[in-house]
Amino acid sequence: MKKKAKKYPEVNPDHLSEFRDYQGDEGYTSTFIVKKGGEKLNYTVKPVFGYFIKSLQKARNLQEVGVMLEENFTYQEVSPLIEFLNLKASEIAKATSVSPSTVSRWSVDSSIGTPGSYQFFKIDELIKNGVELFGSEIQFKKWLYSSNLALGNAIPAQLMLSMYGLEMVSETVEALHFGNVM
């Protein structure tokens, strides 16, 4: 027995933007129109990148973030993040995959390289999520510098200097967001 094809109403080409699953030409759209009680309400949601790394706030989508990471951050761009975490030269070297002597030669305009740019982007993203979760920089920083049973009694701030450790800390913060005790 053959099924009958379901007939769908014709789509008005003037209203195609409503059928894009929130995706515009430049990626996900930042403006949503909601119809409520005969009224149309506009909501604008701006993608936010960058907490301490202010240059990331110019990015409209992850593709633009990727371009910025390939162009590499300067030492000056990541300095607020370094100051927040009170990182020593050896810790900066670990996070950027260079030697401590290389870090000691950096000026404010020195490029920290692609691996370091990516690592600091991910750390910045983690801090943004952590501050949002804990409600303040002070509370999140206390958590970052306290040993954590879920992380094998390690201190999250020390773990997040490596990619694997950063992933573990990020997963722990995400678990906290969903109500797990860590």
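Modeller: Let us begin with helix H5 (residues 113–134), where tyrosine 118 and phenylalanine 121 both lie, three residues apart, about one turn of the helix. Helices (H or I, at least four residues) and strands (E, at least two) are DSSP runs, numbered from the N terminus. This is a predicted model, in which local features need pLDDT of at least 70 and side-chain atom pairs count only at pLDDT 80 or more, whereas totals for chains, interfaces and linings use all residues. Residues are numbered from 1 along each chain as its sequence is written, and side-chain values use heavy atoms, with hydrogens and water left out.

Colleague: Is tyrosine 118 buried, partly exposed or exposed?

Modeller: Buried means under 20% relative accessible area, exposed over 50%, and partly exposed in between (1.4 Å probe, protein chains only). Tyrosine 118 has 35% relative accessibility and therefore counts as partly exposed. Phenylalanine 121, with a relative accessible area of 7%, is buried.

Colleague: Which aromatic pair do phenylalanine 140 and tryptophan 143 form?

Modeller: A pair of aromatic rings is described by the distance of the centres and the angle of the planes. Rings of Phe, Tyr and Trp (its six-membered ring) pair if their centres lie within 6.5 Å; planes under 30 degrees apart count as stacked, over 60 as edge-to-face and the rest as tilted. Phenylalanine 140 and tryptophan 143 form a stacked pair, at 5.8 Å centre to centre and 15 degrees between the planes. Both residues are buried, and they stand three residues apart in helix H6 (residues 137–144), about one helical turn.

Colleague: How many aromatic pairs does the structure hold?

Modeller: The structure holds seven aromatic pairs. Among them, tyrosine 118 and phenylalanine 121 form a tilted pair, with 6.4 Å centre to centre and 50 degrees between the planes. Ring pairs also link Tyr51, Phe52 and Phe84 into a cluster.

Colleague: What lies over the face of phenylalanine 84?

Modeller: A charge sits over a ring if NZ of Lys or CZ of Arg is within 6 Å of the ring centre and within 35 degrees of the ring normal. Here lysine 141 lies over the face of phenylalanine 84, at 4.9 Å from the ring centre.

Colleague: Which residues does leucine 62 touch?

Modeller: Contact means heavy atoms within 4.5 Å. Not counting residues up to four places away in sequence, leucine 62 touches Phe49 and Phe121. Leucine 62 is in helix H1 (residues 62–71) and is exposed, with a relative accessible area of 56%.
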